[in-house]
Amino acid sequence: MLILERFEGDTAIIENGDDRLEVEKKLVSADAKEGDVLKLENGRYFPDKEETIKRREKITKLQNSLWS
């Protein structure tokens, strides 16, 4: 799963499991935000809105289970 970790200048840092990719920021869609799940299409990275929502819901459930 590709996760947009952060932007550093003109570089996007993308997590891919235990690996990190550094790609040119221009290869990432302008509407992508940190924490988004990305999909690679034709050499460019786009947010996968459905997978991002699922991932955020899972993280929220895990956090809530720690506090209950």
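The model is predicted, so local features need pLDDT of at least 70, side-chain atom pairs count only at pLDDT 80 or more, and totals for chains, interfaces and linings use all residues. Residues are numbered from 1 along each chain as its sequence is written, and side-chain values use heavy atoms, with hydrogens and water left out. Helices (H or I, at least four residues) and strands (E, at least two) are DSSP runs, numbered from the N terminus.

**The chain as a whole**

- The C-alpha trace spans about 40 × 20 × 20 Å along its principal axes.
- Of the 68 residues, 28% count as buried; buried means under 20% relative accessible area, exposed means over 50%, and partly exposed is in between (1.4 Å probe, protein chains only).
- The chain exposes about 5,100 Å², and carbon and sulfur atoms supply 49% of that area. Accessible areas come from the Shrake-Rupley method with a 1.4 Å probe, and for residues only the protein chains shown count as cover.
- Take the contacts between residues at least 6 apart in sequence: 24% of them join residues at least 24 apart. Contact here means heavy atoms within 4.5 Å.

**How the strands pair up**

- Strand S1 and strand S2 (residues 11–16) pair in the antiparallel sense over six bridges. Two strands pair if DSSP finds at least two bridges between them.
- Glu 8 has Thr 11 in S2 as its bridge partner.
- S1 and S2 make a hairpin with two residues between them, and Gly 9 in the turn has a positive phi of about 60°.
- S1 also pairs with S4, again in the antiparallel sense, over two bridges. Leu 2 stands opposite Leu 38 in S4.

**Charges and salt bridges**

- The chain carries 13 positive and 16 negative side chains, and the centres of the two sets lie 4 Å apart. Lys and Arg count as positive and Asp and Glu as negative, while His and the chain ends are not counted. The place of a charge is taken as NZ of Lys, CZ of Arg, CG of Asp or CD of Glu.
- Side chains of opposite charge can pair when their charged atoms come close. For a salt bridge, a side-chain nitrogen of Lys or Arg must be within 4 Å of a carboxyl oxygen of Asp or Glu. That rule gives nine salt bridges.
- Glu 5 and Arg 20 form a salt bridge through their side chains, at 3.2 Å from N to O. Glu 5 sits in strand S1 (residues 2–8) and Arg 20 in strand S3 (residues 19–24), so this pair ties together parts that are 15 residues apart in sequence. Arg 20 is exposed, at 53% relative accessible area.
- Glu 5 and Arg 20 also belong to a network of salt bridges that links them with Arg 6 and Glu 8.
- Lys 49 pairs with Asp 31 in a salt bridge, with the closest N and O atoms 3.6 Å apart. This pair links distant parts of the chain, 18 residues apart: Lys 49 is in helix H1 (residues 49–67), and Asp 31 is in the loop between S3 and strand S4 (37–41). Lys 49 is exposed at 53%, whereas Asp 31 is partly exposed at 41%.
- Glu 51 and Lys 54 meet in a salt bridge at 3.5 Å, N to O. Both are in helix H1, three residues apart, which is about one turn of the helix. Glu 51 is partly exposed at 26%, and Lys 54 is partly exposed at 44%.

- Asp 48 lies in the loop between strand S5 (44–47) and H1. Not counting residues up to four places away in sequence, Asp 48 touches Val 37, Leu 38 and Lys 39.
- Lys 25 lies in the loop between S3 and S4 and counts as partly exposed, at 38% relative accessibility.
- Leaving aside neighbours within four places in sequence, Lys 25 is in contact with several residues, including Phe 7, Gly 9 and Asp 10.
- Lys 25 and Tyr 45 are 20 residues apart in sequence and 9.5 Å apart in space, C-alpha to C-alpha.
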